Amino acid sequence: LQDIIQAYKSGITLQGNSTSLGRWDFSGSFFFSISTITTIGYGNLSPSTAAGRVFCIFFALFGIPLNLVLLNSIGQLMLSGVQHCAHHLEEKFHWQKKASLLIKICALLTCLLLFLLLPPVLFSAKEGWSYEEGFYYSFITLTTIGFGDYVIGMNPDRTYPSWYKNVVSLWILFGMAWLALVIKFCINLLE
Amino acid sequence: MALTSQPLQGKKRCKKIFWAVFPHACFILSLVIYAFLGALMFSHIEGNRKVNSSEGYRNFLQGLWSISKNLSDNMTENEEVFKEKIYNLLGTFEQEWFVDPKKIWNFFGSLFFCCTVFTTVGYGNTYPITRTGKYLCMLYALFGIPLMFLVLTDMGDILATVLSKCYNEFRKLQSKILASKLCSVFMCKKESETKSRRSLLMKSKVVINEPLSIVEVLKSQSAFKRKPIQYRNAEIFEMLIAREKEYTKLSRTKSIERWSSCPELERGKTMMSVIENFDKIGKELEKLDVPILLMILVIFVYISCAAAILPKWETNLDFQEAFYFCFITLTTIGFGDTQLQHPRFFLFLSLYIIIGMEIVFIAFKLGQDRLIVFYKKVISFCGEKKIAPKKIYPK
């Protein structure tokens with residue numbers, strides 16, 4: 001019995017109904033590439049052929065710096081957006097310098113809400129996880145740990161709307177950029 | 001007097017070395033302590049999980065039994081039945097039924113798990129199942145990942161200095177060989193001229209550790225690009241002043257060493273330099289400028305070393321699989337598709353893993369910078385193309 005389960009776990013495909021994220025068709029492969037270049041690495045799908053692995057290595061080698069550049073630019077965009085807002089509000093209401101700190105904290109809390117506290121609601125609605133499990137999944141994904149114990153879109157009994165995958169990919173992108181920004185700020189504060 | 005100053009000097013040197021190494025050792029030690037603490041916590045929380053045969057497990061076994069009961073003697077018929085029904089049944093499989101928590105969550109297992117958390121590799125062969133375990137995991141990651149990042153940046157400075165020094169030496173050697181070739185070809189008689197030319201050649205090749213002009217400083221300090229324009233001038237000014245201070249400090253330290261009979265001054269000076277060094281973490285890393293192909297070559301050689309050693313005790317991995325596994329680990333992707341038979345031995349390679357992650361980290365940073373330069377070129381090229389046809393030449 002153990003051997004059968006090991007074989008199943010190592011991804012031997014049988015003809016059956018798995019979801020589109022569990023097969024090597026376009027959306028499954030797209031999700032796999034995203035999990036590779038963001039270094040999340042769920043592992044629900046991973047290359048088993050030698051050629052696939054070699055390609056994966058080169059793909060990651062070029063994709064990860066590309067992803068880092070993207071995350072940095074998005075982070076910069078978000079930061080400049082917040083600073084512009086702070087500047088405008090200061091001009092309008094003639095507040096002091098302390099107001100900019102308040103606005104930054106406000107922005108931080110909004111982003112926290114948007115990226116960490118609201119998505120679990122979406123996941124519990126679409127995946128049937130509890131709120132805690134959704135929160136755990138969001139955290140493990142955004143810090144790029146990516147155990148793979150919870151993965152979206154892997155339940156064959158559920159139907160997922162067409163916008164679901166795209167929204168989740170966008171969330172991963174912006175959420176990771178925001179988290180990287182927060183960590184940079186924390187390190188700057190420590191110094 | 002001369003006899004007594006010798007052991008004193010040796011002692012001073014020991015002290016200097018100690019205080020130079022201390023901050024780096026401090027970071028690494030704190031990371032190790034953090035890992036051990038986490039291992040203890042997780043082995044206590046997850047190892048003592050009560051295993052009760054759940055509803056799902058019993059249903060699974062019953063399904064399996066009923067399928068095997070209904071098998072006929074015809075093998076081809078059985079195959080069809082197998083494929084469909086067993087696959088559906090296996091879809092309900094949960095890993096937690098078949099693992100003994102005490103076995104996988106012993107101290108070394110938990111240590112392995114903690115390492116996968118704060119390095120963000122996250123294999124997923126072990127993951128927390130209890131609710132407290134999950135919350136603890138998140139908290140652990142929240143503090144562990146920045147700590148790991150700090151250690152990486154700190155050791156990255158050392159590695160970056162080593163790399164750039166090696167690269168400079170290599171370029172010096174290259175230019176020496178070139179110069180000697182030129183010399184032999186042109187049969188230079190004036191030895192002094194060639195010597196000065198050689199030294200000029202060496203100076204032109206060596207870019208990194210010489211005092212940089214402002215433009216080069218701006219190019220290499222990527223931190224500049226992040227700040228808005230109005231702060232940049234102030235930054236440049238501050239940087240110039242800081243560099244001035246550094247130069248004066250250098251000359252000052254040399255003069256202080258002469259009157260080293262005052263031990264308090266010595267101690268104060270070393271503490272100051274230690275505290276100042278904390279601010280310099282990551283600065284060497286930003287100045288690094290070696291070609292990226294060299295970095296990729298270094299990565300491949302480094303991984304091949306491990307991939308050659310790993311199959312010795314992991315008998316089901318060959319070289320290609322071990323290479324893939326090491327690469328996926330060092331880039332922190334961590335699929336978890338390759339199962340290790342002896343995770344403990346992999347822990348012994350933890351120094352190798354940290355240095356490897358370092359090298360990959362540096363390579364990715366360099367890749368980032370190159371990409372940004374490339375994008376700028378492309379955009380300026382497109383921009384020029386758009387502007388050029390608009391030029392109206394006066395008649």
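The following legends describe close-up views of a predicted model that contains chain A and chain B.

**Figure 1. The interface of chain A and chain B in the predicted model.** Contacts join 52 residues of chain A to 52 residues of chain B. Between them, the two chains bury about 4600 Å², and carbon and sulfur atoms account for 73% of this area. The size of an interface is often expressed as the accessible area lost when the parts come together.

**Figure 2. Polar and charged pairs across the interface of chain A and chain B.** One salt bridge is counted between chain A and chain B. This salt bridge joins the side chains of Glu132(A) and Arg131(B), with an N to O distance of 3.4 Å.

**Figure 3. The side of chain A that touches chain B.** Two or more residues are given to this side by each of helix 1 (2-9), helix 2 (26-37), helix 3 (50-93), helix 6 (131-142) and helix 7 (163-190) of chain A. Helix 3 of chain A gives the most, with 14 residues. By class, this side of chain A comprises 29 nonpolar, 16 polar and seven charged residues.

**Figure 4. The surroundings of Trp129(A).** Trp129(A) is placed in the loop between helix 5 (119-126) and helix 6 of chain A. Because its relative accessibility is 13%, under the 20% limit, Trp129(A) counts as buried. Leaving aside residues up to four places away in sequence, Trp129(A) touches Phe123(A), Ser124(A), Gly134(A), Tyr137(A), Tyr150(A), Val151(A) and Ile152(A). From C-alpha to C-alpha, Trp129(A) and Asp157(A) are 14 Å apart in space, with a separation of 28 residues in sequence.

**Figure 5. Spans of chain A listed as "transmembrane region" in an unreviewed UniProt entry.** The UniProt entry lists residues 26-45, 51-71, 101-123, 135-155 and 167-190 of chain A under this name. Residues 26-45 of chain A are 60% helix and 0% strand, and their end C-alpha atoms lie 13 Å apart. For residues 51-71 of chain A, the span is 100% helix and 0% strand, with end C-alpha atoms 29 Å apart.

**Figure 6. Spans of chain B listed as "transmembrane region" in an unreviewed UniProt entry.** Among the spans that UniProt lists for chain B are residues 104-123 and 290-310. In residues 104-123 of chain B, the end C-alpha atoms are 14 Å apart and the span is 65% helix and 0% strand. In residues 290-310 of chain B, the corresponding distance is 30 Å, and the span is 86% helix and 0% strand.

Notes: Residues are numbered from 1 along each chain as its sequence is written. Chains are lettered from A and ligands numbered from 1 in the order in which they are written. This is a predicted model: local features need pLDDT of at least 70, side-chain atom pairs count only at pLDDT 80 or more; totals for chains, interfaces and linings use all residues. Side-chain values use heavy atoms; hydrogens and water are left out. Contact means heavy atoms within 4.5 Å. Buried area is the accessible area (1.4 Å probe) that two parts lose on being put together, summed over both. A salt bridge is a side-chain nitrogen of Lys or Arg within 4 Å of a carboxyl oxygen of Asp or Glu. A polar contact is a pair of N or O atoms within 3.5 Å; within protein, one must be able to donate a hydrogen and the other to accept it, and residues adjacent in sequence count only if both atoms are side-chain atoms. Helices (H or I, at least four residues) and strands (E, at least two) are DSSP runs, numbered from the N terminus. Ala, Val, Leu, Ile, Met, Phe, Trp, Tyr, Cys and Pro count as nonpolar, Asp, Glu, Lys and Arg as charged, and the others, Gly among them, as polar. UniProt positions are given in the numbering used here, feature names are shortened, and annotations may be inferred rather than shown by experiment. Buried means under 20% relative accessible area, exposed over 50%, partly exposed in between (1.4 Å probe, protein chains only).
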